[in-house]
Amino acid sequence: MLLTDTHTHLYYETDDAKRVELVQRCKDNEITRLFLPNVDAASVPMVFSLKASFPDICFPMLGLHPCSVKDDWEEELNLIQQAIHQHKIYAIGEIGIDLYWDKTTLSQQIQAFKKQIAWAKSLKLPINIHCRSAFDEVYEVLLQEKDDDLRGIFHCFGGTLEQANKLINLGFYLGIGGVVTYKNAGLDKVVAQTSLNHIVLETDSPYLTPVPYRGKPNESSYLVYIAQKIAELHQTDLETVAAITTENSKKIFGI
């Protein structure tokens with residue numbers, strides 16, 4: 001069995017011994033593909049430090065998180081673009097729009113989002129989308145940018161079945177994480193009606209910890225609980241969910 005965490009900030013753990021333990025618990029649960037999104041220029045070296053320590057299982061992504069779009073966003077983008085030219089990466093992300101914390105930067109967030117989509121297209125890479133309280137705004141950008149080179153993952157999907165189908169029709173995969181295990185979130189009903197062929201797994205660790213560890217820091221080894229919940233919803237086994245979602249991740253990332 002091979003499980004893939006398509007979105008984890010495992011690099012936030014900077015204690016070497018604890019990082020070794022985190023990675024070992026992943027391996028113990030057959031989670032041996034970890035895709036790492038940065039959030040800003042300062043987090044770029046953190047991503048590549050983890051990659052250097054565990055080169056066989058860590059796969060970097062680079063982008064500017066919408067919550068990191070501040071007054072200096074263009075300078076941040078320039079620094080991240082320089083890093084992209086210096087390193088092997090597998091996606092542009094995480095990028096997108098977040099209106100939960102700050103609506104005043106919407107214009108800048110859209111500009112940054114579109115600029116990074118252009119990077120992805122020019123590099124023939126997928127994008128990893130962050131969207132919070134901004135589905136309509138993100139979807140409008142995707143419609144504007146749609147072409148044969150636009151593809152990727154809608155990270156931390158938590159929307160309706162209608163929204164899921166809109167994204168699937170654009171060729172995107174849905175990143176499903178710990179929220180699917182939450183009793184009253186409603187995501188379980190959407191996932192049950194969505195083909196596994198359109199789903200990838202993620203933890204977004206250290207955030208959005210799945211049941212039974214909800215309320216504690218998340219980690220990539222907990223991906224197994226997300227996979228088990230999806231298997232239950234689709235009335236299949238863990239191995240089937242692992243096989244299909246990992247194959248989906250290979251199609252997206254090319255590895």
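How many bridges join strand E2 (residues 31-37) to E3? In this predicted model, four bridges join the two strands, which run parallel. Residues are numbered from 1 along each chain as its sequence is written. Because the model is predicted, local features need pLDDT of at least 70 and side-chain atom pairs count only at pLDDT 80 or more, while totals for chains, interfaces and linings use all residues; side-chain values use heavy atoms, with hydrogens and water left out.

The strands named here, like the helices, are DSSP runs numbered from the N terminus (helices are H or I with at least four residues, strands are E with at least two). Two strands pair if DSSP finds at least two bridges between them.

E2 and E3 belong to an open sheet of three strands, ordered E1-E2-E3 with parallel pairing. Strand E1 (3-5) and strand E3 (58-61) are the edge strands, each pairing on one side only. From one strand to the next, the twist averages 15 degrees. Within this sheet, Phe35 stands opposite Phe59 in E3. Helix H2 (residues 44-53) lies across E2 and E3 and runs at about 160 degrees to E3. Such angles run from 0 to 180 degrees between N-to-C directions, with axes taken as lines fitted to C-alpha atoms, for helices over the stretch in contact; contact means heavy atoms within 4.5 Å.

A second open sheet has five strands in the order E4-E5-E6-E7-E8, again with parallel pairing. Its edge strands are E4 and strand E8 (199-201), and each of them pairs on one side only. Neighbouring strands of this sheet are turned by 30 degrees against each other on average, direction ignored. E4 and E5 run parallel and are joined by six bridges; in E5, His130 is the bridge partner of Gly96. Helix H8 (residues 223-233) packs on the sheet, where it touches strand E7 (172-176) and E8, and its direction makes about 150 degrees with that of E8. Helix H9 (residues 238-253) lies across strand E6 (152-154), E7 and E8, running at about 100 degrees to E8.

The next topic is empty space. Rolling a probe the size of a water molecule over the atoms shows where empty space is left. On a 1 Å grid over the protein atoms alone, a pocket is an open set of points where a 1.4 Å probe fits, with protein on both sides within 12 Å along at least five of seven lines, whereas in a cavity the probe cannot get out; lining residues have an atom within 4 Å of a point. Grid points are joined across faces, edges and corners, and a volume is the space filled by probe spheres set on the points.

The largest pocket has a volume of about 600 Å³. It is lined by 25 residues, of which His130, Arg132, Cys156, Asp204 and Leu208 are the closest to its centre. Strand E4 (92-98) and strand E5 (127-132) each supply at least two residues of this lining, and the largest share, three residues, comes from E5. By class, the lining has 14 nonpolar, seven polar and four charged residues (Ala, Val, Leu, Ile, Met, Phe, Trp, Tyr, Cys and Pro count as nonpolar, Asp, Glu, Lys and Arg as charged, and the others, Gly among them, as polar). The second largest pocket has a volume of about 170 Å³. Among the residues that line this second pocket are His9, Tyr12, Lys18, Arg25, Ser205 and Pro217.

Side chains of opposite charge can pair when their charged atoms come close. With a salt bridge defined as a side-chain nitrogen of Lys or Arg within 4 Å of a carboxyl oxygen of Asp or Glu, the count comes to six. One of them links Asp16 with Arg19, whose closest N and O atoms are 3.7 Å apart. Both residues lie in helix H1 (residues 16-28), three residues apart, about one turn of the helix.

Finally, some backbone details deserve a look. Most residues other than glycine have a negative phi, and most peptide bonds are trans. Here, a cis peptide bond joins Gly93 and Glu94, with omega of about 10 degrees; Glu94 has its place in strand E4. Another cis peptide bond joins Val211 and Pro212, with omega of about 20 degrees, and Pro212 is found in the loop between E8 and H8. Lys124 is not a glycine, yet its phi is positive at about 60 degrees.
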